[in-house]
Amino acid sequence: MAEQHTPRSLIVSLYGAYGRTPGGGGEPMPVAELIRLLAAVGVDAPSVRSSVSRLKRRGLLVAARTPEGAAGYALSDDARQLLDDGDRRIYEHPAPQLSEGWVLAVFSVPESERAKRHVLRSRLARLGFGSAAPGVWIAPARLYEETRHTMERLQLSPYVDLFRGEHLGFAATQEAVARWWDLTAIAKQHEQFLDLHEPVLRSWVAREKPGPGPGGPPPPDPEHAYRDYLLALDSWRRLPYADPGLPSELLPSDWPGARSAAVFAELHARLRDAGAEFVRKSG
């Protein structure tokens, strides 16, 4: 999973974690600050600049001046919606219930626009949908709002109908789920996340144990906390999309998803705010 820490991905993770304010879009980040913050996770300045340019071309970042007049970049409206939708996946881990039902995406694309068919399939897969049949994709019902936002943002809604429902047969739902999703591949992603970041959590827990002398453990070093948190977030934020969060009764008994979610939640609780001190530090 380490190879997934591309400069573009890390910039998106950085804005998602520290580039927004509650109820707003956040102030633009100066280019010099982006370079400083990405250098802490091993990204050089030319890579930052080229990645920012690509994100700007994709409509995710917009050029803007900071209150001090420095050149910087802010999130576009589409990017804020994308990150707001992602928050529910990344930070909220409710116990899925089978009674919540499913959302179905049924699409039909004319042959003259077949390129959109590929975009639809790849986007539904990235949202966590499983393929139930040609042109019929399925996901837990709680993903409806995000799916609707995504289809509208990409101007794909004319080709898709969305339905809510429950599975009535004929195969047992657990057997059907194993056909609709590649559970082995998803479990492997959870295990890779645990291999990389569970030792990081253990090291932070060990630091917090009181020593033999007076006083409690030292506060986390802001740069260290920022680095470990941003890398964990950048690894984790893909997993709630690959794994749509299926009810436990439909999954193998040794499913690693709950454990990896717990590891990320602990890292988030311990490191996010400490890392914010490094982000706020003057360059």
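This is a predicted model: local features need pLDDT of at least 70, side-chain atom pairs count only at pLDDT 80 or more; totals for chains, interfaces and linings use all residues.

Reader: How is a pair of aromatic rings described?

Author: A pair of aromatic rings is described by the distance of the centres and the angle of the planes. Take Trp-102 and Trp-180: the pair is edge-to-face, with 6.1 Å centre to centre and 85° between the planes.

Reader: Where in the chain do Trp-102 and Trp-180 lie?

Author: They link distant parts of the chain, 78 residues apart. Trp-102 belongs to strand S4 (residues 102–107) and Trp-180 to helix H7 (residues 173–180). Both Trp-102 and Trp-180 are buried.

Reader: Why is the pair of Tyr-229 and Phe-264 stacked?

Author: The planes of Tyr-229 and Phe-264 are at 25° and the ring centres are 6.3 Å apart, so the pair counts as stacked; the cut-off for stacking is under 30 degrees. This pair also links distant parts of the chain: Tyr-229 is in helix H9 and Phe-264 in helix H11, 35 residues apart. Both Tyr-229 and Phe-264 are buried.

Reader: Which residues form one aromatic cluster?

Author: Tyr-229 and Phe-264 are in that cluster, together with Tyr-18, Tyr-91, Phe-193, Tyr-226, Trp-236 and Phe-278.

Reader: Next, the nonpolar core. Which residues of the largest nonpolar core touch the most other members?

Author: In this core of 46 residues they are Leu-14, Leu-38 and Tyr-226. At least two residues each come from H1, helix H2 (31–39), helix H3 (45–57), strand S3 (71–75), H4, helix H8 (183–207), helix H9 (222–236) and H11. H11 gives the most, with nine residues.

Reader: What does Tyr-226 touch, not counting residues up to four places away in sequence?

Author: Tyr-226 touches Leu-14, Tyr-18, Leu-37, Leu-38, Ala-40, Gly-275, Phe-278 and Val-279. There is also a second, separate core of 15 residues, which includes Val-103, Val-109, Ala-139 and Val-160.

Reader: And the open space: what does rolling a probe over the atoms show?

Author: A probe the size of a water molecule, rolled over the atoms, shows where empty space is left. Here the largest pocket has a volume of about 980 Å³. It is lined by 38 residues, and the closest to its centre are Leu-82, Arg-123, Arg-126, Arg-237 and Tyr-241. Elements that give two or more residues to this lining are helix H1 (7–18), helix H4 (77–90), helix H5 (114–127), strand S5 (130–133), helix H6 (144–153) and helix H10 (239–242). By class, the lining of the largest pocket has 18 nonpolar, nine polar and eleven charged residues.

Reader: What is the volume of the second largest pocket, and what lines it?

Author: The volume of the second largest pocket is about 670 Å³. Its lining has 27 residues, with His-93, Pro-94, Pro-96, Arg-142 and Gly-245 the closest to the centre. H4, H6, H10 and helix H11 (257–280) each supply at least two residues of this lining. The classes are 14 nonpolar, five polar and eight charged residues.

Reader: Which residues of H6 are buried, and what do they pack against?

Author: In H6, Glu-146, Thr-147, His-149, Thr-150 and Met-151 are buried. The buried residues of H6 pack against H4, H5, strand S7 (160–165) and H10. Just after H6, Gln-155 takes a positive phi of about 60°.

Key
Residues are numbered from 1 along each chain as its sequence is written. Side-chain values use heavy atoms; hydrogens and water are left out. On a 1 Å grid over the protein atoms alone, a cavity is a set of points where a 1.4 Å probe fits but cannot get out, and a pocket is an open set with protein on both sides within 12 Å along at least five of seven lines; lining residues have an atom within 4 Å of a point. Grid points are joined across faces, edges and corners, and a volume is the space filled by probe spheres set on the points. Helices (H or I, at least four residues) and strands (E, at least two) are DSSP runs, numbered from the N terminus. Ala, Val, Leu, Ile, Met, Phe, Trp, Tyr, Cys and Pro count as nonpolar, Asp, Glu, Lys and Arg as charged, and the others, Gly among them, as polar. Buried means under 20% relative accessible area, exposed over 50%, partly exposed in between (1.4 Å probe, protein chains only). Contact means heavy atoms within 4.5 Å. A nonpolar core is a set of buried Ala, Val, Leu, Ile, Met, Phe, Trp, Tyr and Cys residues joined through side-chain atoms within 4.5 Å. Rings of Phe, Tyr and Trp (its six-membered ring) pair if their centres lie within 6.5 Å; planes under 30 degrees apart count as stacked, over 60 as edge-to-face and the rest as tilted.
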